[in-house]
Amino acid sequence: MNDKEKIENCYRQMYHGMTTKDRTALLDVLDESFVLVHMTGMRQSREEFIRAVENGTLNYYSAKHQQMEVGIQGEHADMIGRSLVSAAVFGGGRHTWRLQQKLQLIKKADEWKITESRASTY
């Protein structure tokens with residue numbers, strides 16, 4: 001698997017962890033320094049984000065990936081992923097969102113880890 005494929009796999013694994021509430025899957029792809037920046041500007045650390053997924057504050061039901069654009073600069077990469085995501089978050093109703101994640105990644109010991117994700121719609 002080349003670096004581009006590994007990065008795309010990180011994106012897919014992040015969504016797998018989100019939809020199945022799989023802490024281990026999320027820990028595998030999210031760096032210790034990970035920060036999620038929500039559409040509202042709210043920031044969550046890796047642990048805060050994973051806890052919110054586990055406790056149902058953030059409920060993700062499915063994700064259909066539509067587009068992935070990857071840029072690699074040595075040991076750093078950025079990716080824009082666009083997916084149709086069925087979710088109910090922060091006590092709201094379940095909706096399908098056109099969710100875009102702008103990811104920053106770092107390569108550590110030949111593995112890519114997500115350091116930041118900025119969520120928006122597209």
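Start by selecting Asn9, which is partly exposed, with a relative accessible area of 33%. The value falls in this class because buried means under 20% and exposed means over 50%. Bear in mind throughout that this is a predicted model. Asn9 lies in helix H1, and H1 covers residues 3-20.

**Helix H3**

Next, select residues 46-54, which form helix H3. Which residues of this helix are buried? They are Arg46, Phe49, Ile50, Ala52 and Val53. Turn the view until you look down the axis of H3: the buried residues fall within an arc of 160°, so they line one face of the helix.

To see what the buried residues of H3 pack against, show helix H1, helix H2 (23-29) and the strands E1 (30-37), E2 (43-45) and E3 (58-73). Then step just past the end of H3 to Gly56, where phi is positive, at about 90°.

Select E1 and E6 together. These strands run parallel and are joined by 4 bridges. For one point of reference, pick Val37, which stands opposite Arg118 in E6.

Gln101 has Ala119 in E6 as its bridge partner. Follow the chain into the hairpin of E5 and E6, where 2 residues lie between the strands. In this hairpin Ala109 has a positive phi near 50°. While the strands are on screen, look at their side chains: in a regular strand these alternate between the two faces of the sheet.

**The largest pocket**

The last stop is the largest pocket, which holds about 270 Å³ of space. Its lining consists of 19 residues, and those closest to the centre are His38, Met39, Tyr60, Val89 and Leu99. Select these five to find the place. Which elements give two or more residues to the lining? They are H1, E1, E3, E4 (76-89), E5 (95-108) and E6 (111-121).

Finally, colour the lining by residue type.

Notes
Residues numbered from 1 in each chain as written. Predicted model: local features only at pLDDT ≥ 70, side-chain atom pairs only at ≥ 80, totals over all residues. Heavy atoms only, no water. Buried < 20%, exposed > 50% of the residue type's maximum accessible area, 1.4 Å probe, protein only. Arc of directions from axis to C-beta. Contact = heavy atoms within 4.5 Å. 1 Å grid on protein atoms, 1.4 Å probe; cavity = no way out; pocket = protein on both sides within 12 Å on 5 of 7 lines; lining within 4 Å. Points joined across faces, edges and corners; volume = space filled by probe spheres on them. Pairing = 2+ DSSP bridges.
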